[in-house]
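Please read the following points with the sequence and the structure side by side. They are set out for a reader new to this kind of analysis.

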Amino acid sequence: MQKYIIQIWDKNPILRTKSEFIDEITPEIKEFCKDLIKLMRKHDGVGLAAPQVGKNIRIIATTQRNIKKGKEDLLAETIMINPVLKELSQDTTIGEEACISLPGIMGKVKRHKSIIIEYLDIKGNKQKKKLKDFNAVIVQHEIDHLEGVLFTDKLIKNNKVKKM
Ligand code: ZN
C-alpha cells in the first residue's frame with residue numbers, strides 16, 4: 001500500500017478544501033478505494049473520506065449496519081464515489097460524533113434521520129439507496145468532509161466538544 005498521511009486539525013487546508021468529482025474510475029482510483037477501506041479498518045473508523053488521507057477527491061468509505069431479524073448486526077463496508085444526497089428527511093436525530101481527523105474529541109450533532117443517496121460503486125455502476133439512522137448519519141458526516149466541513153462546525157447549540 002502507498003503511504004498515506006492521516007490529515008488532522010480543523011484548520012488543515014486539505015480538510016477545508018472542496019473535493020473534486022471523479023471523471024473516470026481508473027485502476028489507480030480502484031486501488032485507492034481498496035486502500036481507503038484498509039485505512040478505515042486500521043484506524044477503527046466507521047467511515048473515512050479521501051481528504052482525510054490527503055486526497056481532495058470525492059470518494060468515501062463507510063461501514064453500513066445491516067440489521068436482520070434474529071441475527072446480529074452485519075457490517076458491510078461500502079465505497080461511494082461521487083456521492084450525492086438526493087433526499088433528506090425532515091425528521092432529525094441527534095447523536096455524539098467523533099472523527100479520525102479530530103483525535104480525542106467528540107460532540108453532539110443534529111443530522112437528517114433518513115436520506116436517499118446516489119453514488120458510483122467501485123465498478124462504476126450507479127447506485128441509489130435509502131439509508132436511515134446510523135447508516136444515514138455516517139454518510140452525512142463523510143460527505144461533509146468532501147465539502148471541507150467538519151462535525152465541530154455543526155455542534156448543536158450550547159454543546160461544546162468533550163474529551164474522549
Ligand atoms: Zn470525520
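Leaving aside its neighbours within four places in sequence, with which residues is N135 in contact?

1. N135 is in contact with T63, Q64 and R65, where contact means heavy atoms within 4.5 Å. This is a predicted model, in which local features need pLDDT of at least 70 and side-chain atom pairs count only at pLDDT 80 or more, while totals for chains, interfaces and linings use all residues. Residues are numbered from 1 along each chain as its sequence is written, and side-chain values use heavy atoms, with hydrogens and water left out.

2. N135 belongs to helix α2, residues 133-146. Helices (H or I, at least four residues) and strands (E, at least two) are DSSP runs, numbered from the N terminus. N135 counts as buried because its relative accessibility is 11%; buried means under 20% relative accessible area, exposed over 50%, and partly exposed in between (1.4 Å probe, protein chains only).

3. Strand β2 (residues 59-66) runs antiparallel to strand β3 (residues 74-88), and 8 bridges join them. Two strands pair if DSSP finds at least two bridges between them. N66 has L74 in β3 as its bridge partner.

4. β3 also pairs with strand β6 (residues 114-120) in the antiparallel sense, over 5 bridges. Here the bridge partner of E87 is I116 in β6.
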